[in-house]
Each structure stands twice: as structure tokens, then as C-alpha cells.
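Subject: Handover of the two-chain model

Hello,

Here is the structure I promised to pass on. Please open it first; my notes follow below.

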Number of protein chains: 2
Amino acid sequence: MLILSNEEIESFLSIDKCINALEKAYASWDEGKAINRPRTDLVMPSLNGSGVYAFKSMEAGLYDPPIVAMRINSDIIRWQQQGGRVIKTKVPAAPGDKYVGLVMLFSTLTGEPLAIFPDGVVQRMRVASSSALAARYLARQDASTLAIFGSGWQAGSHLPAMCAVRSIKRVNVFSPTKTNREAFVKEITQKVSADVRPVDSAEDAVRDADIIAATTNSLTRVINPEWVRPGIHLTCVRVPELGDETIQKIDRLVIHSRQHAPENYIAGFGDQGIESHDAIDIIRKGPAQAREAKVEHPFWLASPELRDLVIGRAQGRKNAQESTCFLNNIGIGLQFAAVGAAVLAEAEKKGAGHEIPTDWFLETVHP
Amino acid sequence: MLILSNEEIESFLSIDKCINALEKAYASWDEGKAINRPRTDLVMPSLNGSGVYAFKSMEAGLYDPPIVAMRINSDIIRWQQQGGRVIKTKVPAAPGDKYVGLVMLFSTLTGEPLAIFPDGVVQRMRVASSSALAARYLARQDASTLAIFGSGWQAGSHLPAMCAVRSIKRVNVFSPTKTNREAFVKEITQKVSADVRPVDSAEDAVRDADIIAATTNSLTRVINPEWVRPGIHLTCVRVPELGDETIQKIDRLVIHSRQHAPENYIAGFGDQGIESHDAIDIIRKGPAQAREAKVEHPFWLASPELRDLVIGRAQGRKNAQESTCFLNNIGIGLQFAAVGAAVLAEAEKKGAGHEIPTDWFLETVHP
């Protein structure tokens with residue numbers, strides 16, 4: 001069984017490979033040649049104070065390549081105020097102040113585990129690749145200016161991903177903290193041919209933008225309704241970044257996945273847990289309100305999904321005047337199967353990672 | 001992170017420890033101090049001929065000890081005729097003709113993975129321990145003769161487990177193949193003080209029995225309705241072993257878990273998969289019938305659960321005349337959390353297993 005690190009994966013995994021692997025996987029899924037188990041969240045109070053412990057898992061299988069991927073997160077989560085917004089943060093509580101997110105790959109031919117690796121690089125690559133794949137169908141062909149909100153991990157993958165599907169000449173980066181956006185621009189500028197600049201306000205970022213990408217972890221609105229102009233393409237990684245008012249102004253909206261809102265199992269809430277759009281945030285409201293939170297799906301869940309675009313069942317951008325949006329509303333295991341399989345193929349080609357005995361994970365007894 | 005083998009676990013894990021760990025976990029679950037994510041099955045056609053590939057997962061968390069356990073099975077499954085019955089078998093298709101079943105433990109204090117081990121020993125210990133725990137509340141106090149059907153893995157754990165909760169003097173073992181039952185008796189007889197004998201027919205096994213334990217992998221009835229006599233206690237590991245006619249004759253029936261039938265995600269059956277009592281067997285019927293198989297839960301799902309017995313909400317055996325039955329209808333992640341935590345505690349005490357760097361499974365990036 002192969003053990004890989006984030007650094008190794010980052011060194012050989014290209015955004016183009018990820019986008020192509022995802023495009024193929026969405027089409028296979030639609031043909032019934034892939035399966036996806038929606039995410040479940042298992043939530044418990046954190047015993048050392050504020051916040052919660054959350055165990056998330058999801059998995060998916062592909063016929064070709066014959067692989068199942070499971071993605072696991074084992075997180076300590078807290079909420080805090082930052083720059084006037086409520087931000088959800090994961091606490092690096094594992095030894096060495098680290099996080100725990102894993103992808104495991106299994107062969108559907110033999111059942112054996114093939115690889116295990118941290119999810120960090122694959123996580124951001126699959127999110128950005130899905131956003132880029134959507135932009136391929138929804139952004140104007142001549143889109144050349146990109147506005148990025150955020151200067152973190154997702155900003156770092158979305159910027160090159162958008163450059164991979166459109167000829168981006170100029171990128172405006174805004175995030176509330178000046179030093180963050182400047183440091184981000186300094187680093188990312190070496191990775192793309194576009195002219196990347198930090199800007200001092202959200203308005204400066206969006207003024208000439210053809211594409212606006214919100215890549216933050218904000219739980220409140222980032223994209224103002226007045227930025228929805230003719231010809232614009234919006235993309236975001238969290239529903240709250242967009243908000244209902246902005247969503248309602250958009251001509252053509254596509255979401256990532258409709259039927260895969262996470263199921264939550266929260267201690268103290270009975271057998272079935274409670275359901276909500278976001279698995280974790282609900283617990284902040286406290287038991288009484290949380291029990292009442294079984295709302296109907298919001299209206300945007302009736303929108304087409306990314307796979308509808310990929311197979312041509314849903315219309316992409318129709319003309320240069322439309323405003324379009326891709327709402328990357330939730331991740332699915334299928335993305336990890338597609339990108340994970342690409343990681344494994346590349347690792348084998350490069351001889352990357354190190355092997356531990358597969359036999360440790362096998363057994364002679366019929367379980 | 002600790003790696004353990006089935007052999008190591010078998011060497012130090014006692015049935016008493018498992019029964020006690022489970023009893024505590026069921027009570028915690030009822031108090032809202034444990035959570036359980038029902039099993040999901042992800043099923044794909046096996047590419048090398050008949051049968052299917054199935055990826056099963058379930059997980060549960062305990063407050064005390066602060067642990068989450070995930071149990072994974074990655075199986076190639078076939079069906080075959082054997083002794084006039086349809087038997088479901090797992091094919092050992094992994095290198096060295098092995099099976100793939102794993103338990104992973106995580107800390108809810110730090111998020112880090114604590115241990116990983118094959119599920120075989122823990123699997124059979126948790127099933128037998130649940131059956132024994134139920135027998136503690138349902139079998140006659142003076143039960144002394146046990147009939148066992150089957151000579152496999154589950155028979156080998158149920159026999160000592162039943163001896164742990166009642167003073168069993170005599171055990172009659174029946175399974176269709178003479179050499180199997182004789183070999184089984186020869187091996188097990190060293191592990192218990194009871195007089196264990198192979199018998200030539202099912203009738204010989206049950207004639208004087210106070211407890212009848214069906215521990216087979218049969219998909220058709222094993223326990224005949226006429227064996228339901230006053231004072232008898234029945235226990236079984238699969239619903240079909242019992243069958244509706246036998247179930248209807250029983251005075252007091254308790255099941256393992258009501259609300260946790262597996263959800264199935266089967267390629268080609270659309271997004272939501274299909275639901276059935278047994279995740280895998282449905283696929284044998286073929287797509288058309290499988291789609292129509294969304295039947296209502298059978299009537300016995302209205303019975304109390306094992307945890308109701310443990311906390312005293314459901315009545316145990318009321319008198320010596322009642323016929324009682326424990327239907328171990330489905331496994332839940334909670335059992336793996338309880339028994340898995342016991343395994344880890346014992347392994348640490350004994351210095352068993354070997355360590356691999358936890359750091360391989362951690363990351364510095366916010367995933």
C-alpha cells in the first residue's frame with residue numbers, strides 16, 4: 001500500500017489532469033458507471049472547551065479505473081469573529097499542531113487498499129477543478145479579468161484553475177488583511193502568466209472583472225447583488241458567500257450537486273441526527289433551535305448540476321449578456337475517486353511515495 | 001499509530017471485556033453520549049465475472065472513552081448453492097487469497113488516528129457479545145443446554161459467549177457437513193468447560209436445548225417454527241435463519257437495532273441507490289425487480305432493541321414459560337467503537353502491535 005504526502009502530490013498533480021479526470025467521472029456517474037455515497041457528519045461536543053469534534057466521511061466508486069475512494073475528516077472545529085465576519089476554523093489539535101484529513105483508495109477488482117494520503121492537496125484541487133470545469137461552460141469565451149476574494153488555500157488553487165480554462169490576463173486579489181493578500185500575490189504570481197495584483201477594496205477587485213471567484217471560508221455574504229452585471233460569471237466555494245439576494249439576480253445558475261446534502265448524526269439529537277444544509281454550523285444554534293431547523297431545501301437546489309453541463313443536458317452560457325454562476329455548494333466523494341485515481345496513476349508513473357506492507361490490512365478470516 | 005493483527009487481538013481480547021464494553025456503550029447511546037452512523041453499502045458489478053464488489057462503511061463515536069471508530073469492508077461477493085441452501089460468500093481476492101475488512105480508531109480530543117486493524121476478530125466478538133448480552137436478559141437463569149447451528153467463525157465466538165452469561169453444561173453442535181462439525185467441536189472443546197458434542201441432525205441438536213443459537217450464513221430458514229417451545233431462548237445472526245413463521249410464534253422478541261437498516265448506493269440505480277433490508281442480496285434479483293423492492297419494514301422491526309433491555313426500558317424474560325428470541329438483525333458502528341476502544345486499551349497495556357508514524361496521516365494545511 002502506497003503512502004503519499006501532500007508535498008509529493010503537489011509536485012506531480014497538474015490542474016489539467018484533475019479537470020479532465022473530473023469531466024470523465026461526472027459523465028460516467030450520469031451513465032450509471034460510478035456511484036457516490038453522500039457525506040455524513042458525525043458531530044460531538046469537543047471535550048476541551050468550545051467548538052465541536054466532527055468526523056466526516058464520503059466515498060465513491062468508478063468502473064474505470066476500477067477504484068473506490070473514501071475521504072475522511074477528523075476535525076476539531078471552532079467559530080470566531082474575524083474582520084466583521086463569523087469564520088469557521090479547524091483547530092490543528094493533532095501532534096505537531098496538525099490537521100487530520102485522509103483519502104483511502106481501494107481496488108474493486110481485489111478489494112485491497114491501494115493507497116492512503118492526506119487530503120489537503122487533493123481537496124483543494126478537486127474543488128478548484130470543479131469550479132474551472134463549470135467556468136469552461138459558463139464564463140464568456142473572451143473572459144480575461146478575474147477577481148479573487150480570499151488569499152488562502154482555495155484562492156491558491158482557483159487562480160491557476162481559472163487560468164487553465166480561460167485566457168486570463170489580469171487577476172485582482174482582495175482579502176480583508178493587507179499583508180495576507182500581498183503575501184498571497186507574491187507567491188502565486190510565479191505560477192501563472194497573468195498579471196496578478198492585490199487590491200485595496202472589494203469594489204476595486206470587481207470593477208473590470210469578467211469572472212468573480214469567492215474562495216473564502218466566510219459564513220456571511222461576500223458577493224454583493226449589484227456586482228451581478230451582464231456577462232459576468234460568478235463562482236464560489238460556500239453558499240453563504242453568495243446569499244439569496246445575489247443568487248436571485250443571476251440569469252443562469254448551476255450548482256455542484258443537488259441530492260447530496262450531508263446527513264448529520266449529532267450526539268443527543270436522537271438516532272437520526274438532524275439535517276441541515278451545513279452539517280456543523282447548525283450546532284452553534286443550540287439544541288432547541290437546531291431541532292426546528294428542518295427547513296425545506298432552498299430554491300437554488302432546483303438548479304441544474306455540474307454533470308448536467310458536462311453531458312450537455314443543461315444549457316451552458318447562451319450569449320455574452322447573461323450573468324452566470326457556479327455554486328460549488330457541496331463536495332462529493334466522486335471528486336476524490338476521480339482525482340485520487342489520477343494521483344495514484346501519476347505516483348506509480350513517477351515512483352513517488354513509499355510502500356508499507358498491504359498485508360497489514362488484509363486478513364485470512366472471512367469477516 | 002498502532003497496527004494490530006487479528007492474531008494479536010485474539011490473544012488478549014476476552015469475551016467478558018467485550019460484553020461489558022458493549023453494555024456501557026448501549027447505555028451511553030441511549031443517554032445521547034454516543035453517536036452512530038448507519039451502515040452504507042456501495043455496490044458495483046464485479047468486473048471479473050459473477051458477483052459484486054461491495055464497499056461497506058459505518059462509524060460511531062463515544063464520549064467516554066473519547067473515540068470514533070470506523071469500520072470498512074471492501075468485498076468481492078458471490079452466491080452459491082450449498083447443502084440445499086443459497087449461501088452468500090465473500091471471495092478472498094486480495095493478494096495471498098485474503099479478505100479486506102478494517103477498523104480505524106480516531107481520537108475525538110486531537111482528531112488523530114490512533115489505530116488500524118483487520119476487523120475479523122472484533123467483528124465476531126462484537127456479534128457474539130451482543131447475542132450474549134441479550135441472552136443475559138432473555139434466557140432462563142437455569143439454562144444449561146445450548147444448541148449451536150453452524151461450525152464457522154460466528155459459531156466459534158457464540159459458543160464461549162453464551163457460556164459467559166449462563167452456566168452451560170452441554171452444547172450440541174449441528175452443521176450439515178459431518179467433518180466440519182467434528183473439527184469444530186474438537187477445537188472449541190478446549191476453550192470451554194461445557195461438554196461439547198457434534199450431533200447428526202438438527203432435531204438431535206434442539207431436543208433438550210434451553211438456548212438455540214443459529215450462527216450460519218444461510219439465506220433460508222434454519223430454525224423451524226415447531227422448535228419454539230415454552231422456556232426456549234433463540235438467537236440468530238441473520239434474519240433469514242429465523243423466517244417470519246418462526247418469528248410469529250415467539251412470545252418475546254428483541255432485535256439488535258431498529259432504525260439502522262443499511263442504505264445502498266448501487267451503480268445504475270440512480271443517485272439515491274435503492275433500499276432494502278439486506279444491502280447486497282437485492283442485486284441478485286436484477287434491476288427491474290430490485291427497483292420494485294422498496295417494501296415496508298417487516299413487522300418485527302417494531303420490536304424493542306437490545307439497548308432497551310440494557311437500560312431497563314424493555315422487559316426481559318418475565319417467567320420460565322415464555323419463549324424468547326434475540327434477532328441480531330444488523331450490525332452498528334457503535335459495537336466497533338465499544339469493542340475497538342477495549343482492544344486499544346488492552347493493546348496499550350500489553351504493548352502489543354507495532355507503531356507506524358502517525359505523522360504520515362497528518363497534515364499542516366487546513367484541508
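A term to start with: two strands pair if DSSP finds at least two bridges between them. Strands (E, at least two residues) and helices (H or I, at least four) are DSSP runs, numbered from the N terminus.

Some ground rules. This is a predicted model, so local features need pLDDT of at least 70 and side-chain atom pairs count only at pLDDT 80 or more, while totals for chains, interfaces and linings use all residues. Residues are numbered from 1 along each chain as its sequence is written, and chains are lettered from A and ligands numbered from 1 in the order in which they are written.

**The sheet**

Chain A has an open sheet of seven strands. Their order is β10-β9-β8-β11-β12-β15-β13, and the pairing is parallel. Strands β10 (195-198) and β13 (252-255) of chain A are at the edges. Each has a single partner strand, so one side of each has no neighbour in the sheet. From one strand to the next, the twist averages 15 degrees. Angles run from 0 to 180 degrees between N-to-C directions, and axes are lines fitted to C-alpha atoms, for helices over the stretch in contact.

Which strand does β13(A) pair with? The partner is β15 (residues 324-327) of chain A, in the parallel sense, over four bridges. Within that pair, I255(A) is opposite L327(A) of β15(A). Helix α5 (residues 178-188) of chain A packs on the sheet. That helix touches β9 (170-174) and β10 of chain A, and its direction makes about 165 degrees with that of β10(A). Contact between two residues means that their C-beta atoms, placed from the backbone, lie within 7 Å.

Now to chain B. Strand β8 (residues 145-149) of chain B runs parallel to β9(B), joined by five bridges. There, I148(B) faces V173(B) of β9(B). Is β9 (residues 170-174) of chain B enclosed or open? Four of its five residues are buried, so β9(B) is largely enclosed by the rest of the structure. The cut-offs: a residue is buried if 20 or more other C-beta atoms lie within 10 Å of its own, exposed if 12 or fewer, and partly exposed in between, with C-beta atoms placed from the backbone.

**Loops worth a look**

The peptide bond from D64(A) to P65(A) is cis, with omega near -5 degrees. P65(A) sits in the loop between β3 (52-62) and β4 (67-82) of chain A. In chain B, a cis peptide bond joins D64(B) and P65(B), with omega about -5 degrees. P65(B) is in the loop between β3 (52-62) and β4 (67-82) of chain B.

D97(A) is not a glycine, yet its phi is positive, near 55 degrees. You will find D97(A) in the loop between β5 (85-91) and β6 (101-107) of chain A. D97(A) counts as exposed because it has 10 C-beta neighbours inside 10 Å. D97(B) also has a positive phi, about 55 degrees. With 10 C-beta neighbours inside 10 Å, D97(B) counts as exposed.

**Two domains in chain A**

Chain A is divided into domain 1 (2-123 + 333-357) and domain 2 (124-258 + 297-327). These bounds come from an automatic or database domain assignment. Taken over C-alpha atoms, the domain centres are 23 Å apart. Their contact takes 23 residues from domain 1 and 21 residues from domain 2 of chain A. On the domain 1 side, α2(A) gives the largest share, ten residues.

**How the chains meet**

How many residues of chain B are in contact with chain A? There are 66, and they meet 66 residues of chain A. The largest share of the chain B side, seven residues, comes from β2(B). By class, that side has 33 nonpolar, 22 polar and eleven charged residues. Here Ala, Val, Leu, Ile, Met, Phe, Trp, Tyr, Cys and Pro count as nonpolar, Asp, Glu, Lys and Arg as charged, and the others, Gly among them, as polar.

A rotation of 180 degrees, with 0.0 Å of shift along its axis, superposes chain B on chain A (RMSD 0.0 Å). That is the relation of a two-fold axis. Copies are superposed by least squares on the C-alpha atoms of residues with pLDDT of at least 70 in both. Of the interface residues of chain B, 100% are also interface residues in chain A, so the copies meet through the same surface.

Best wishes
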